[in-house]
Amino acid sequence: MQSAQGGDRVAFANLVGAFQDSLYNTILRIVGQEDEAHDLTQETFLKARDRLGEYHGQCEPYVWTLKIGVQLSISQLRKLQRKRSFSLDEGQAAGLARRAAEGSENNGEAQQQLLTALGQLDAEYRAILVLRDVENLNYEQVADILEIPVALLQTRLFRARLTLHDGLR
Amino acid sequence: MANENIESQLGAYIDGLLDAQQREVIEQYLDRYPEHRKLIDAMIQERALLRDLPREKAPEDVLTHFQEQLERSVLLEDFTNGNVARETRGSRWSLAALLTLIMLIGGASVIIWIAMPPKRGRQTENVVVPDTLPATTVAVEEPATQPAPEPAAPKISASVIAAGDQIIVMIISDDLAAARNRAEHFLASEELSHSHPPAATEPTTTQSATTSPVPTMEVAWVIPGMTLGQANELAQSFSEQPSTSPAESQSTTLSTQPTTQPEPTSQPASQVILIFKQADLAATQPVESKN
C-alpha cells in the first residue's frame, strides 16, 4: 500500500489483483447485477487510486477499499431505486437466483429464495447482511465501512435479518 | 431490557459472540418465548445460507480493463494538467501584462490631469486603451474658477476595462479609505462576495518591463460574480457626490464620460477591482513625462 501511495503503479495493480475477487463478490451481492458489479468494481479501484493519499493505516487496505466499493454500491442502488422503483427487485433477484441455482445443487432453491428476499431489502440492510454474513467481517469493520456506531450496527443487523426472514415467508 | 439492547443481544447470540453468562440470559429469555426461539433458529439457518452462497470471481477483464482505464486516466490527467499548467501560466502572464498596462495608463492619466493648468479646469480624462478594450472613465473635474480656498477635495477616478471575460475596475484616489469604503458599500449592496488581501502595510513596488517603478496597488479585490453591468455601476457610483462631506460636494465636480460604453451583461467572470493611491501614481512617473 505504501508503494502504491508513493506512485508505484505496479504496486497498485498488485492490490487490484489481490482484492478484485472479494470486492467484486461483495459488490455483486449488494447490487445483484453482474454488469453493474463489474463497473462498480472498476470504479472502486479508480476512486481508491485517486484517494490513496487519504489512507493513513486507519484500517486494513482491503477494508478501506471495500468501504469505497460499498458506498458506491449503496449510492448506485439508491439511484436505481429512485428511478426504477417497480422493476428493481425482478432483475436483480433473477440474476442472483440464477447464479445461486448454478452454484449449489443441494440448497440452490433455498439460496434462490434467500437471494430474492435479499433483493427486496433496502440498500443499507443488504450491505449489512452481505458484509457481516457473506463476507464475515466483524462488527467494527462493518460499522466502519458504513460509518455508523457499532451499537447501531448491531440493532440494524438484527432488523436486517428479521426483514430478510419476513421476506422468505 | 430495551428493545435495542435485546436486538443487539439476540444478534450477538446468532453470531455466537456472547460469553457464557450472556448466552444463558438469552437462553432463559428464549425459553420464556418459544416463538422467539423459533424465529432465532430460523435466522441462524438463514445466516448459514448466506455464508454458503457461492463466491463469485471477478471477470478476467476487470484487471485489464482497470489497467486500460488507469492508463487512459493517467494520460488524460497528464494532458489536462499540462494544459491547465500552461493555461495558468499564460493567464498569469497576460494578467500581469494587463495590470502593468493599467498601472502605466492610470499613472499617465493622473500625471496629465495634475499637470493641467488649474484655471482651464481639468478636462475629463479618458483612459487610452487598445481598441479591444472598451473603457469607461469617470473622472474628477474641478471648477474652472477656483472659489475661496477650501479643504482639498479627494480626487477619485474610476475606469472600467473589459477584455474578453476579464473586467477590471481601476480606481485611483488620494483618499484610499473613502474609495475603499465606497467600493465595499457597493459590493455589499450588490451582495457580491469578494476576497481581498488587506491594504498593504509595507507596499512592495514591482518593476515594469520598461524598468519604471510601477505604482503600488493598495487594494485588490477579486469579485468572481461581478458582471460588466455591475462594474459600470461601480464606476458610475464614483460620480455621485459623497454625502458625508459637504465640503467635498461643493468643491468637487464629477462627470462621467464614457469613451465606449460596454453593454451590461449578466455573464459572470473573474473580475478584479484595483484601487491605487494617487500620490503613488504621481511619484512613480519619470520626471520627463511631466514636461
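Me: Let us begin with the contact between the chains. How many residues does the contact take from chain B and from chain A?
Reply: The model is predicted. The contact takes 31 residues from chain B and 36 residues from chain A. As a general idea, the size of an interface is often given as the accessible area lost when the parts come together; here the description rests on residue counts.

Me: Which elements give two or more residues to the side of chain B that touches chain A?
Reply: In chain B these elements are α1 (3-15), α3 (34-51) and α4 (61-115). Sorted by class, the side of chain B that touches chain A holds 16 nonpolar, 6 polar and 9 charged residues.

Me: Turning to chain A, how many helices and strands does it have?
Reply: Chain A has 9 helices and 0 strands, and its elements, read from the N terminus, run α-α-α-α-α-α-α-α-α. Of its 169 residues, 40% count as buried. Among the contacts in chain A with a separation of 6 or more, 61% are accounted for by residues 24 or more positions apart.

Me: How should I read a nonpolar core, and which residues touch the most other members in the largest one?
Reply: In soluble globular proteins, nonpolar side chains tend to be buried together. In this model the largest nonpolar core has 47 residues, and Ile27(A), Ile128(A) and Leu131(A) touch the most other members. Helix α2 (residues 9-31) of chain A supplies the largest share of this core, 9 residues. Another core, of 28 residues, lies apart from it and includes Ala162(B), Val169(B), Trp221(B) and Ile273(B).

Me: With which residues is Leu131(A) in contact, leaving aside its neighbours within four places in sequence?
Reply: Leu131(A) is then in contact with Val70(A), Leu137(A), Val142(A) and Ile145(A).

Me: How does one read the packing of two helices, and at what angle do helix α6 and helix α9 of chain A pack?
Reply: One reads the angle, the separation of the axes and the residues that meet. Helix α6 (residues 108-119) of chain A and helix α9 (residues 150-168) of chain A pack at an angle of about 120°, and their axes are 9 Å apart. The angle therefore makes α6(A) oblique to α9(A). Their crossing is right-handed. On the side of α6(A), the contact is made by Gln113(A), Leu114(A), Ala117(A) and Leu118(A), and on the side of α9(A) by Leu164(A), Gly167(A) and Leu168(A). These residues of the contact of α6(A) with α9(A) divide into 5 nonpolar, 2 polar and no charged.

Me: At what angle do α8(A) and α9(A) pack?
Reply: α8(A) and α9(A) pack at about 95°, with their axes 9 Å apart, which means that α8(A) is roughly perpendicular to α9(A). From α8(A), Tyr139(A), Glu140(A), Val142(A), Ala143(A) and Leu146(A) meet Val150(A), Leu153(A) and Gln154(A) in α9(A). The contact of α8(A) with α9(A) comprises 6 nonpolar, 1 polar and 1 charged residues.

Me: What should I look for in the backbone angles, and what is phi of Asn136(A)?
Reply: Most residues other than glycine have a negative phi, and most peptide bonds are trans. Phi of Asn136(A) is near 60°, a positive value in a residue other than glycine. Asn136(A) is found in the loop between α7 (123-134) and α8 (139-146) of chain A. Glu147(A), although not a glycine, has a positive phi of about 55°, and it is found in the loop between α8 and α9 of chain A.

Me: Are Asn136(A) and Glu147(A) buried or exposed?
Reply: Asn136(A) counts as exposed because it has 11 C-beta neighbours inside 10 Å. Glu147(A) is exposed, with 8 other C-beta atoms within 10 Å.

Me: Where does Ala235(B) lie?
Reply: Ala235(B) lies in helix α6 (residues 228-237) of chain B. Ala235(B) is buried, with 24 other C-beta atoms within 10 Å.

Definitions and conventions. Residues are numbered from 1 along each chain as its sequence is written. Chains are lettered from A and ligands numbered from 1 in the order in which they are written. This is a predicted model: local features need pLDDT of at least 70, side-chain atom pairs count only at pLDDT 80 or more; totals for chains, interfaces and linings use all residues. A nonpolar core is a set of buried Ala, Val, Leu, Ile, Met, Phe, Trp, Tyr and Cys residues joined through C-beta atoms within 7 Å. A residue is buried if 20 or more other C-beta atoms lie within 10 Å of its own, exposed if 12 or fewer, and partly exposed in between; C-beta atoms are placed from the backbone. Helices (H or I, at least four residues) and strands (E, at least two) are DSSP runs, numbered from the N terminus. Two residues are in contact if their C-beta atoms, placed from the backbone, lie within 7 Å. Axes are lines fitted to C-alpha atoms, for helices over the stretch in contact, and angles run from 0 to 180 degrees between N-to-C directions. Angles under 35 degrees count as roughly parallel, over 145 as roughly antiparallel, 65 to 115 as roughly perpendicular and the rest as oblique. A crossing is left-handed if the near helix is turned anticlockwise from the far one by less than a right angle, and right-handed if clockwise. Ala, Val, Leu, Ile, Met, Phe, Trp, Tyr, Cys and Pro count as nonpolar, Asp, Glu, Lys and Arg as charged, and the others, Gly among them, as polar.
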